Amino acid sequence: MAERRVNVGWAEGLHARPASIFVRAATAAGVPMTIAKTGGDPVNAGSMLAVLGLGAQGGEEIVLSSEADGADAALDRLAKLVSEGLEELPETV
């Protein structure tokens, strides 16, 4: 299983607009993945309601993970998106 631990870079956390950006990017990545607060239960990273339900705050550590083949590159891009609080998924890392 591939996994990335990152701190949420959006000051407002994974709420409203940042959650929408994250979910769109996770879906576009093309591999199934989960997101969880450290020590929490993982949820589907492609589900807006699940991501909002995490209540992840700015600066809080989250865990992105996937068991899919080739997930490393997708997780790297999503980790960069989350840690830097970007407005869109980076094309390259």
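Mentor: Let us begin with the order of the elements. This is a predicted model, and from the N terminus on its chain runs β-α-β-β-α-β-α.

Trainee: How many helices and how many strands does the secondary structure of the chain come to?

Mentor: The chain has three helices and four strands.

Trainee: What does the radius of gyration say about a chain of 93 residues?

Mentor: One compares the value with that of a compact globule. For 93 residues such a globule would have a radius of gyration near 12 Å, and the chain has 11 Å, so the two agree. Along its principal axes, the C-alpha trace spans about 30 × 25 × 20 Å.

Trainee: How many positive and negative side chains does the chain have?

Mentor: There are 7 positive and 13 negative side chains, and the centres of these two sets lie 3 Å apart.

Trainee: Let us turn to a single residue. Where is Arg-4 placed, and with which side chains does its own side chain make polar contacts?

Mentor: Arg-4 belongs to strand β1, which covers residues 2–7. Its side chain makes a polar contact with the side chain of Asp-72 at 3.0 Å and another with that of Asp-76 at 2.6 Å. Beyond its neighbours within four places in sequence, Arg-4 is in contact with several residues, among them Ile-62, Leu-75 and Ala-79.

Conventions
Residues are numbered from 1 along each chain as its sequence is written. This is a predicted model: local features need pLDDT of at least 70, side-chain atom pairs count only at pLDDT 80 or more; totals for chains, interfaces and linings use all residues. Side-chain values use heavy atoms; hydrogens and water are left out. Helices (H or I, at least four residues) and strands (E, at least two) are DSSP runs, numbered from the N terminus. The radius of gyration is taken over C-alpha atoms; the globule rule is 2.2 Å times the number of residues to the power 0.38. Lys and Arg count as positive and Asp and Glu as negative; His and the chain ends are not counted. The place of a charge is taken as NZ of Lys, CZ of Arg, CG of Asp or CD of Glu. A polar contact is a pair of N or O atoms within 3.5 Å; within protein, one must be able to donate a hydrogen and the other to accept it, and residues adjacent in sequence count only if both atoms are side-chain atoms. Contact means heavy atoms within 4.5 Å.
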